[in-house]
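Trainee: Please take a close look at one strand and its partners in this model. Then place that strand among the sheets and open spaces of the chain.

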Amino acid sequence: METRLLSASEYDIALAGKIIADGGLVAFPTETVYGLGANAFDEAAVKKIYAAKGRPSDNPLIVHIAEKDDIIPLVKQVTPKAQALIDAFFPAPLTIILPKSEKIGNAVSGGLDTVAVRMPQNGTARALIKASGVPIAAPSANTSGAPSPTKAKRVIEDMDGKIDAVICGEDCDFGVESTVVSLAGEIPVILRPGAVTKEMLEAVIGRVEVAPSVLEGMAENEIAPSPGMKYKHYSPKAEIILVNAPKKRYEKFVNSRKNAFALCFEGDCVDIPKVTYGKENDDLSQAREIFDALRVLDDLGAKKVYARVPRKSGVGMAVYNRLIRAAAFRVIDLEQPFLLGLTGQTGAGKGFVGEYLKSLGFNVLDTDVYARRVCKKNSPILSVLAAEFGKDIIVNGELDRALLAKRAFLNKQNTERLNSIMHPAIIALCKKEAVFPAVLDAPLLFECGANELCFKTIAVLAPEKTRVERIMRRDGITAQQALLRMSAQKNEEFYKSNSDFTVINDGRDIKNQINNILEEIL
């Protein structure tokens with residue numbers, strides 16, 4: 001197929017309108033992104049959109065109208081809240097979802113009993129709708145899953161030879177797709193954020209909720225009621241990883257990465273190759289530039305990209321929504337005090353893993369070392385321990401560790417009392433001294449809840465026989481004594497079910513296992 005490149009002149013728009021009316025496909029500019037349009041009443045034409053994009057058929061489309069009243073034949077009823085939004089915003093980068101009329105086929109609605117409708121601000125878009133004489137069903141004019149196009153040249157890159165025509169108009173003003181709000185239920189729900197924010201909607205119709213899937217992935221087998229919700233979306237060929245971190249920590253992190261790109265804000269001090277997408281405190285600039293920035297990464301041949309996370313409120317929510325889907329929900333959270341939590345069974349080789357992480361540049365904080373620091377001479381915590389376990393455990397301002405251990409490990413209740421005193425103090429000191437990239441090495445990581453302070457957790461495990469032999473050599477004790485110590489810990493299944501990753505120390509290459517984990521999370 002030859003794709004005709006048209007201008008936004010009156011003649012060319014009339015020609016494009018006839019192509020739509022005759023069952024063809026035309027890409028056209030809107031204020032959000034370029035759309036790929038077909039006659040919304042022509043099921044065969046609508047199916048051509050799915051074929052041209054490679055779009056899954058259960059991903060519904062948005063119907064674009066030229067006048068406010070054009071919505072009436074498309075829905076069962078224009079509810080009071082829908083009318084309030086139409087009156088307040090249309091034309092706007094806002095899509096409303098209502099139960100559909102019999103005029104809307106399954107191809108447009110993705111098999112749902114609702115329809116999504118909007119009236120674009122862009123004059124060229126509305127002129128095309130009028131010229132065609134029909135409402136136009138249109139998703140973004142890109143290959144399915146790729147970044148949406150905000151420039152005509154990006155449409156041509158994806159759609160040349162697949163559609164009838166492209167109206168080569170102006171670059172898009174907002175740069176992210178319209179806000180989608182469902183009015184099909186009792187409470188309005190934002191299914192896709194955009195330039196019309198939650199606060200703007202609530203000022204008109206009161207309470208509005210945000211669907212959990214806006215900032216997270218959809219639940220398994222959940223039906224997508226709006227475009228852009230179900231699948232990995234907006235993604236360039238490069239692997240995108242979001243980095244949740246303040247400016248300085250983000251800069252330090254990405255500057256430590258090799259063979260990677262940064263997707264960051266203007267003014268970020270980044271040494272590796274970078275592409276920027278707007279200013280840190282300017283949501284609208286981020287929205288306008290994000291999709292083209294993702295395309296530029298492909299132009300530059302980027303393979304792995306670390307993207308700085310925008311804020312999740314206002315228009316920033318829309319930018320985050322697009323980025324989290326471009327990254328297939330992969331995020332490195334550097335807001336946590338510790339990048340990694342390291343734990344495992346006694347005798348499994350946790351100390352070796354800690355030393356290897358140190359050699360890689362990680363700052364490993366060993367809670368056993370910090371336990372001694374917390375209990376140093378005349379430390380305030382000693383009086384708390386004395387009140388609980390007896391004043392005689394303190395001699396000349398110093399802790400008699402052996403006597404404390406004898407009493408604290410006499411029974412489970414005493415052990416829990418000791419841990420309730422020691423753990424908060426130890427973790428607080430570790431947090432205070434944590435320097436990125438920090439690793440918290442804690443035998444009782446999960447038991448004391450410190451795993452909540454870690455981005456990811458690793459447990460080191462080993463076969464029982466191997467552990468017994470190591471403990472006997474390390475501590476000079478009998479096999480029976482080693483087994484007694486081991487029985488005081490949680491079983492292997494506990495660590496496997498609670499940890500993000502496990503390292504098995506049974507003769508396999510531990511360093512290679514750790515390297516594979518780091519490659520996956522970083």
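Mentor: Strand 17 (residues 338–344) and strand 21 are parallel partners, joined over three bridges. In this pairing G341 stands opposite L440 of strand 21. This is a predicted model, and what follows is computed from it. Strand 21, the part to look at, covers residues 438–441. Strand 18 (residues 363–366) also pairs with strand 21 in the parallel sense, here over four bridges. V364 has V439 as its bridge partner in strand 21.

The side chains of a regular strand alternate between the two faces of the sheet. In strand 21, A438 and L440 lie on one side, and V439 and D441 on the other. Both faces are covered, and all four of these residues are buried, D441 included. In the protein chain of 522 residues, buried residues make up 53%.

Now the open space in this part of the sequence. The largest pocket has a volume of about 2,000 Å³. Its lining counts 44 residues, and D368, F409, N419, P443 and L444 lie nearest its centre. Two or more lining residues come from each of helix 11 (350–359), helix 12 (367–374), helix 14 (401–408), helix 15 (412–433), helix 16 (464–475) and helix 17 (479–487). Helix 15 gives the most, with nine residues. By class, the lining of the largest pocket has 18 nonpolar, 14 polar and 12 charged residues.

A separate stretch of the chain forms an open sheet of five strands with parallel pairing, in the order 14-13-15-12-16. Strand 14 (274–276) and strand 16 (331–333) are its edge strands, each pairing on one side only. On average, neighbouring strands in this sheet are turned by 25 degrees against each other, direction ignored. Strand 12 (residues 239–244) pairs with strand 16 in the parallel sense over three bridges, and N244 stands opposite D333 of strand 16. Helix 10 (residues 316–326) lies across strand 12, strand 13 (261–264), strand 15 (304–308) and strand 16, and runs at about 130 degrees to strand 12.

Strand 15 also takes part in the second largest pocket: helix 8 (247–255), strand 15 and helix 19 (510–521) each supply at least two residues of the lining. The largest share, three residues, comes from helix 19. This pocket holds about 530 Å³ of space. Among its 19 lining residues, S256, R257, K258, L518 and L522 are the closest to its centre. The lining divides into 10 nonpolar, four polar and five charged residues.

The largest cavity contains about 200 Å³ of space. It is lined by 20 residues, with A138, P139, S140, E177 and R192 nearest its centre. Of the lining residues of the largest cavity, eight are nonpolar, eight polar and four charged.

For the chain as a whole, the count is 19 helices and 23 strands. The C-alpha trace spans about 95 × 45 × 40 Å along its principal axes. Of the contacts with a separation of 6 or more, 69% are between residues 24 or more positions apart. To return to the strand you asked about, strand 21 pairs in parallel with strand 17 and with strand 18, and both of its faces are covered.

Key
Residues numbered from 1 in each chain as written. Predicted model: local features only at pLDDT ≥ 70, side-chain atom pairs only at ≥ 80, totals over all residues. Heavy atoms only, no water. 1 Å grid on protein atoms, 1.4 Å probe; cavity = no way out; pocket = protein on both sides within 12 Å on 5 of 7 lines; lining within 4 Å. Points joined across faces, edges and corners; volume = space filled by probe spheres on them. Nonpolar A, V, L, I, M, F, W, Y, C, P; charged D, E, K, R; others polar. Pairing = 2+ DSSP bridges. Axes fitted to C-alpha atoms, helices over the stretch in contact; angles between N-to-C directions. Contact = heavy atoms within 4.5 Å. Buried < 20%, exposed > 50% of the residue type's maximum accessible area, 1.4 Å probe, protein only.
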